[in-house]
Amino acid sequence: MREQSRATAVLGPTNTGKTHYAIERMLAHRTGVIGLPLRLLAREVYDRIVALRGPSVVALVTGEERIVPDRTQYWVCTVEAMPLEIGADFVAVDEIQLCGDAERGHVFTDRLLRARGLHETLFLGADTMRGAIAALVKGVSFQRRERFSELSYTGMKKISRLPPRSAIVGFSVENVYAIAELIRRQKGGCAVVMGALSPRTRNAQVALYQNGDVDYLVATDAIGMGLNLDIRHVAFSSTAKFDGRRIRALFPQELAQIAGRAGRHTSPGSFGITGEARPLGEEVVSAIEANSFTPLRKLHWRNSTLDFGSAARLIASLEAPTEDLWLTRMRDAEDLTALRSLSDMPEVAAALRGPAEVRLLWDVCRIPDFRGISASEHAGLLARIFGFLAGGGKVPAAWLAGNIARIDRTDGDIDALSRRLAFIRTWTYVAQRRGWVEDEKHWRSETRAVEDRLSDALHGRLTQRFVDRRTSVLMRRLKQRENLVAEVNDKGEVTVEGQFIGRLEGFRFRRDAAAGPDEARTLRQAAEAALMPQFILRAERFYNSPDTEMDLTEQGGLMWGDTAVGKLVVGPEPLKPQVEAFVDEEAGSEVAEKVRRRLQHFIERRIAALFQPLIGLQRDEALTGLTRGFAYRMVEALGVMPRAAVSAEVRDLDQNARAALRRHGIRFGQHTIFMPALLKPAPTRLRLVLWSLANGLDEFPESPPPGLVTIPTPPGLPRAQLLLAGYHAAGTRAIRIDMLERLADMLRGCDGKAGFEATPDMLSITGLTLEQFAELMQGLGFEASRGERPKPRPAAAAPETDGADAPAEAASADVTPPEAEGEAPTEGAPTASETSENTAPEPDTAPDMPADAAAVSETPAGPESADRPVPDAAAELEVFYTFQRRARPPRGDRPRGPRHDGNRSTGKAPRSGEASAAPAGDRPENPDRPKREKPGKRTGKAEAAGQRRNEKAPRKPREEGPRSFSSGPARNDRIDPDNPFAQALMGLRDRK
């Protein structure tokens, strides 16, 4: 009956519809068998036929998979698994040109010679097989099919310049992975297809490509065997491959088989080279384009008439030669090598008792070496399996379960999962053999389930490593010219089409830092297309937000909540800075201008609120002349300046001018002229920012923590910055300028020449320890002398206050400023220090009080040691400090010329024997001239105090010879007895 069947060879290049024609012919018969070169292709054809006829009549048989329904009509198989004795009406063998393959050619040759359908037989393949088929198959007819589309050569292209829908072909796993990684970085990802993949993994990867999730496919030569994909261009990364024994160049027909995958159906396709591939010769290119190749002259063959009488006879039959000129005996295959190894094992040889055992041994030796560890390792496994099966046995369930359990793990990387998939294929093959395991259905299902789990895990790892879904999705949507929709959550995270692309910080987009340079370009394009509506909505919300949601940092940054939206830049005046908005160019000029205007409104209102006294002073049109000039200096100094810098201007102001300035909150301190309202923390921070902007600083100084009276002086910090921060430098520490003025008021009644000790009030307002206060006083121009004395008994009565000190204490109490710390004085009311300045001599003639003066003692200083109770000899000692004003160096040690002390200039040279110039207001009297009191410079209380001290302390007899203040008090005859201030000095001297 087979002799009467019709045999047809359908030959032609790729993309001619040969496989599709074979499926149609098979379904036209009642039963049929089709053999395909790859397990992957067999699965694809099986799915197509199931879709047409249903799963109940279609069987799938491969080395590792067997689906055979009870009413099977159509068998889809790999060529090795084709059933030849079932008597099917139709038989087809695809890719028949593989008869010339050195590894598997003998299987295809055997099917060419022996596989026949009862009614029809088809051989599908390349035109190079025409001669061989005509010679070996009697009565065969030929059909020539032409390619549906044109195939052209495009030459060399870089991977980065390959067009979309391209397939890059590599011939090793390492090469495939390297190319896939490069495409992921540059193009967003690719699918990976290799012959070693399971059908499930392969189908999942192909779906990524076919669905458009990725535009590139990286594959081995497995795509050349009938895989129908939407490929427009095929690029060879190499033109040589390892064929199992050596690296050889690909034959032109092999290149054509792969290149022919480009251009499906009527769409034209192209092929070329990329990477390190050598250029194709002109003759090769012409042969591929014209599909003109050298015909096959030899087909690989192995004897199929086997002798199972013994192992030696079986090996001899497999090695039998052929006399056919079209056939050549193939080189030794894996199964023959394994048969030789096992037959030499004593335990295997002992089990070979007859042809049945020899046939069983041959079936075991045909298990493919999926693991690929080594030939000896593979032979050992086969010997173990044969030992279980010999004598009618089965593979033990426990042993099989243990091997499967070690593989059933989905952790690890791509290589680990690929190895496990190769291992499970061995046990899948064993489970598919009839009679080898006890519960065939269970173990076939179990191995299939493990393979599916590993396949899914491998697909996930491949996708995770070689596909950047974010970039691929965004690129696809950008190419489709669709409107992208961006979503921004409360954390500022931006997602487009469900893909995280970065964060929106204010009005600036920050792309995902994990993205590479190539991916960043795609993210930027997606952001430009999707974020414009978000920028507009956010600008509208920002423009209508209250000032309470904004803030100014100490470095001049403008914040909206926790996000920086701009910064201050220098303006025409210190009180009129400008703003620079942080807005991306992609947001547009309208959004940028809206943000800038809102920030400008905010900073103008902030300056007006915090610097209200200064703004009022600047805008007061009632101020004229010197007063207006002084107000300008005050505005220019941002509300605080040293008195020494404007001493001449202060001296020229009359009382009405000073009163007008006081109404604006200006306080004329002994050391500093300032506005107490501007010493609060918020104005201080703003003042430092505005001053730093006006002076072009790159890094702005920070304001001290609020609430501190004194702070350590940072090394190298200019005094101007300390003053702007509201502090006056005094040695290693700095004291707040308002507290400095209070301390100066307390020091007015102290004798800076005779020496004094600190009062508890002095210690209280500074908040310093004994030693710290002494250091502060030294920084303020005082000498601190440390001493120890017995501490009075606690039970001793408190010493009575000397009447001579009462006026000084009263004077100190009288000049204490009435306003609270940090608060502005009552409008129009002069402070104690200001009252003193109005009645006392100017700093060049009045007694000089250094900027900050404080004495530290653990107990209040008494007037005289005689008034203190006498302690016991073993009494506890206490530490005390005595403070004296530090004398200025003699005039002879200073450079000659006019002296400018900020108040007045004099060109007079010091007289011989005259005392060195003391600080302003504390200069010693000229012994040759009685001191003249300037009218209006002494307060009534000070006169009373001096009068009382003069009355209590009798004058000593006149001493002979002139004496200077540097060596002691002046002579009595050089002092005007009618001068109350002179009388106070005499009384203090006599009492000492």
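## Two buried tryptophans

Trp399 is buried, and Trp427 is buried as well, where buried means under 20% relative accessible area, exposed over 50% and partly exposed in between, with a 1.4 Å probe and protein chains only. The model is predicted, so local features need pLDDT of at least 70 and side-chain atom pairs count only at pLDDT 80 or more, while totals for chains, interfaces and linings use all residues. Residues are numbered from 1 along each chain as its sequence is written, and side-chain values use heavy atoms, with hydrogens and water left out.

## Aromatic pairs

The structure holds 13 aromatic pairs, a pair being rings of Phe, Tyr and Trp (its six-membered ring) whose centres lie within 6.5 Å, with planes under 30 degrees apart counted as stacked, over 60 as edge-to-face and the rest as tilted. One of them is the edge-to-face pair of Trp399 and Trp427, with 5.3 Å centre to centre and 90° between the planes. Because Trp399 lies in helix 14 (residues 397-407) and Trp427 in helix 15, this pair ties together parts that are 28 residues apart in sequence; helices here are DSSP runs (H or I, at least four residues), numbered from the N terminus.

Elsewhere, ring pairs link Phe756, Phe773, Phe782, Tyr881 and Phe883 into a cluster.

## Helix 15

Helix 15 covers residues 414-432, and its 19 residues reach 27 Å from the first C-alpha to the last, close to the 27 Å expected at 1.5 Å a residue, a span taken as 1.5 Å times one less than the number of residues. The helix is mostly covered, since 15 of its 19 residues are buried.

## Helix 13 and its partners

The axes of helix 10 (residues 334-343) and helix 13 (residues 375-389) come within 10 Å and cross at roughly 65°, axes being lines fitted to C-alpha atoms over the stretch in contact, with angles from 0 to 180 degrees between N-to-C directions. In this crossing, Ala338, Ser341 and Leu342 of helix 10 meet Ala379, Leu382 and Ala383 of helix 13, where contact means heavy atoms within 4.5 Å.

Helix 12 (residues 355-365) also has an axis that comes within 10 Å of that of helix 13, and the two cross at roughly 145°. Here Glu357, Leu360, Leu361, Val364 and Cys365 in helix 12 meet Leu382, Phe386 and Leu389 in helix 13.

## Thr627

Thr627 has its place in helix 22 (residues 625-636) and is buried, with a relative accessible area of 11%. Leaving aside neighbours within four places in sequence, Thr627 is in contact with Leu653, Ala657 and Leu661.
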